[in-house]
Structure formats: structure tokens, C-alpha cells
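Colleague: I am new to reading structures, and I would like to learn how the words follow from the numbers. Could we go through this one together?

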Amino acid sequence: MANTQHIPASEDLPNGPGAAAILAAGIGSAVLGLFALLGDAFSGIGKFFSFYNPTGPLSGVTISAIVIWLAAWYVLDKKWSARDVNVGRVSAVAFVLLAIGFALTFPPIMDLLQGK
Amino acid sequence: MVTVFHGMGFGALFMLAFTGAIAEIYRMSAPGAPAVPSQRDQTMLRLYLVGMVVLAWATVLSGAYLVYPWYRAIPPAGTTDLSAYPQKLLMSSPNTIGWHDLGMEWKEHVAWIAPIAMTMVAYVYTKYRASLAKHRDLRKAVLIFTVAAFIATGVAGMFGAFLNKYAPVRGGETIQLIKGE
């Protein structure tokens, strides 16, 4: 991919849609971790998340997280689609949410939070 | 065969594809990058990222809905040979229970971060194309999420390989469902 060209000025777009997608991905990751923790910590929630019995709570945890991720993306995109936002700040929040997602899916941290 | 498609097909291809994606996104994001790729190269990268998204979703969906039910199947009462019941086989020994408690418990959840992140990455690249070069913070975020997806995939792939070594998922004609979980 060595060929290069100038960027036409007409290709300028507001950064809002990109920021919305980035923040939504962070939200999706954090919610995934949160639901995984809740499903593991509380048997009632675990049962609720068993949308598809052969897969168990994992089915509900992931489907619910995906729904919230897509809903958050839709709402943020509606709000920011035609404007510029502070991407640095939005990205920082998204990275924190991403880190929360990683942390809450890590079993030793899940166990620690549950006092196991 | 299903486990082969899940791990060696979708998963391994997805994992391999990260090298190209990270290199190309880094090249665009690196300080002092003089210009942006041509229209043809942009189209190629767009198709490449969309292909990764398809592989990522195929990997987690096949894992959760085709392989995982076999992994977590419970044996009928009185079964002594647990080789067809990987989760129970691993949990039957203190020497192997960690592969389930840490390996599978982490893998089954963290893997889903990868398709979420890569869907965002492909969307942002497709939306902005050449003009992404003018959005430094967007490029940086895209690169970091790509690396995060790579790490999540690495964790899932590594534990998948180890789990399959200690307690292979072979499948069968029927699945005994785990009640109440």
C-alpha cells in the first residue's frame, strides 16, 4: 500500500460519528464485563441471562451487551452526527470503559469483587 | 469439525489478520506520515477490515452456540468416563480445574470484546477513508482498540488451544443440558 495521494478538502467530515462509535465500543465492552460479573455473582441474574439454555448465561450476557452497545451507538451517533466533539476526552472515557470490560471479565477480579 | 472451523478456521484467520491491520493502521497513525493511501489501497484496507469483522463475529458465534454447548454438557448419572464432557473432566481434578475456572471463564467473555472493537474500527475507517488522516485522535483510538481486540483474541485463542489439549471438545449426537444454570 505504498501509493499515495493528497486528501481532497471535500472529504472533511465532523469527528462526531467516529467519536460516537468509539465511545459506544467502550460502553459495550464495559457492559459486557458488568453483565458477566452480575451473571456470575447472582444465580437469579444468571438464570435470567440464560436466553439459550445450551449456552447458558453466556447467551444473555453477550446478547444484552450487544443490544446496549448498538443502542448506545445509535443514540450517540444521532447526537453527534453533524458536529465535532473533543475526541481526546471521548477516547479517554472509552479507554477507561474498555479497561473496565477487560477487568470485569478476568476471573480473579470477578472473584475478588464477589469476596470469593 | 465444528471446533476446527471455530478455532483453526475463523479464529486463527482472524488472529493472523491482525498483523496487517495493526501495521497499516499504525502506518497511517505514525507521526510524520507524509500522505494517505491511494483510492485502491483504501478500498483494499476497507475490505480487509470488513473481512476481519466477519471472521470475528463468526468466531465468537460459532464458539458460543456450536462449541460451548458441547463443552458444558453434563454427563448422565453414573458416568465414569468424562472424556466427552470437557468441563466436568477439567473440574474433576485439582490439577486441571484452573483451566476451567480461569481459562474458559475468561475466554468465554473477553473474546466478545474483539468483534465489538473491530466493528467500530471498520466503521470508522469506512466512514472517514482518506480524511481519517486529518483526525489524529480518531486514528489513535482506532489503533488502541485494534490492539485491545488483538489482546482479547490472543487470550481467547491461547486458552482455547490449551483447553482443547487438556479436554478436547469432541461433540456427539445429543447434548445433555445443564439444568438451572
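Modeller: In α4(A), the buried residues are Val87(A), Val90(A), Ser91(A), Ala94(A), Leu97(A), Leu98(A), Gly101(A), Phe102(A), Leu104(A) and Thr105(A). This is a predicted model, where local features need pLDDT of at least 70 and side-chain atom pairs count only at pLDDT 80 or more, while totals for chains, interfaces and linings use all residues. Residues are numbered from 1 along each chain as its sequence is written, and chains are lettered from A and ligands numbered from 1 in the order in which they are written.

Colleague: What makes a residue buried, exposed or partly exposed?

Modeller: We count other C-beta atoms, placed from the backbone, within 10 Å of the residue's own: 20 or more is buried, 12 or fewer is exposed, and in between is partly exposed.

Colleague: Then why does Ala71(A) count as partly exposed?

Modeller: Ala71(A), which sits in helix α3 of chain A, has 13 C-beta neighbours inside 10 Å, so Ala71(A) counts as partly exposed. Its C-alpha atom is separated by 21 Å from that of Phe102(A), 31 residues apart along the chain.

Colleague: What do the buried residues of α4(A) pack against?

Modeller: They pack against α1 and α5 (107–113) of chain A, and also against α4 (97–110), α5 (113–128) and α6 (136–166) of chain B. Helices here are DSSP runs of H or I with at least four residues, strands are runs of E with at least two, and both are numbered from the N terminus.

Colleague: How do you know what length to expect for α4(A)?

Modeller: The expected span is 1.5 Å times one less than the number of residues. α4(A) has 19 residues and reaches 27 Å from its first C-alpha to its last, close to the 27 Å expected.

Colleague: Why are α4(A) and α6(B) called roughly parallel?

Modeller: Their axes come within 9 Å and cross at roughly 10 degrees. Axes are lines fitted to C-alpha atoms, for helices over the stretch in contact, with angles from 0 to 180 degrees between N-to-C directions. Under 35 degrees counts as roughly parallel, over 145 as roughly antiparallel, 65 to 115 as roughly perpendicular and the rest as oblique. α4(A) and α6(B) are therefore roughly parallel.

Colleague: Which residues of α4(A) and α6(B) meet?

Modeller: Val87(A), Gly88(A), Ser91(A), Ala94(A), Phe95(A) and Leu98(A) meet Asp137(B), Leu138(B), Lys140(B), Ala141(B), Ile144(B) and Ala148(B). In contact means that C-beta atoms, placed from the backbone, lie within 7 Å. Ala, Val, Leu, Ile, Met, Phe, Trp, Tyr, Cys and Pro count as nonpolar, Asp, Glu, Lys and Arg as charged, and the others, Gly among them, as polar.

Colleague: What makes α1(A) and α3(A) roughly antiparallel?

Modeller: The axes of helix α1 (residues 16–41) and helix α3 (residues 57–80) of chain A come within 8 Å and cross at roughly 155 degrees. α1(A) and α3(A) are therefore roughly antiparallel to each other. Their contact has 20 nonpolar, five polar and one charged residues.

Colleague: And how do α2(B) and α5(B) cross?

Modeller: The axes of helix α2 (residues 39–71) of chain B and α5(B) come within 9 Å and cross at roughly 160 degrees. That makes α2(B) roughly antiparallel to α5(B).

Colleague: How many residues does each chain give to the contact between the chains?

Modeller: Chain A gives 40 residues and chain B gives 47. On the side of chain A, they divide into 20 nonpolar, 18 polar and two charged.

How values were computed. Two residues are in contact if their C-beta atoms, placed from the backbone, lie within 7 Å.
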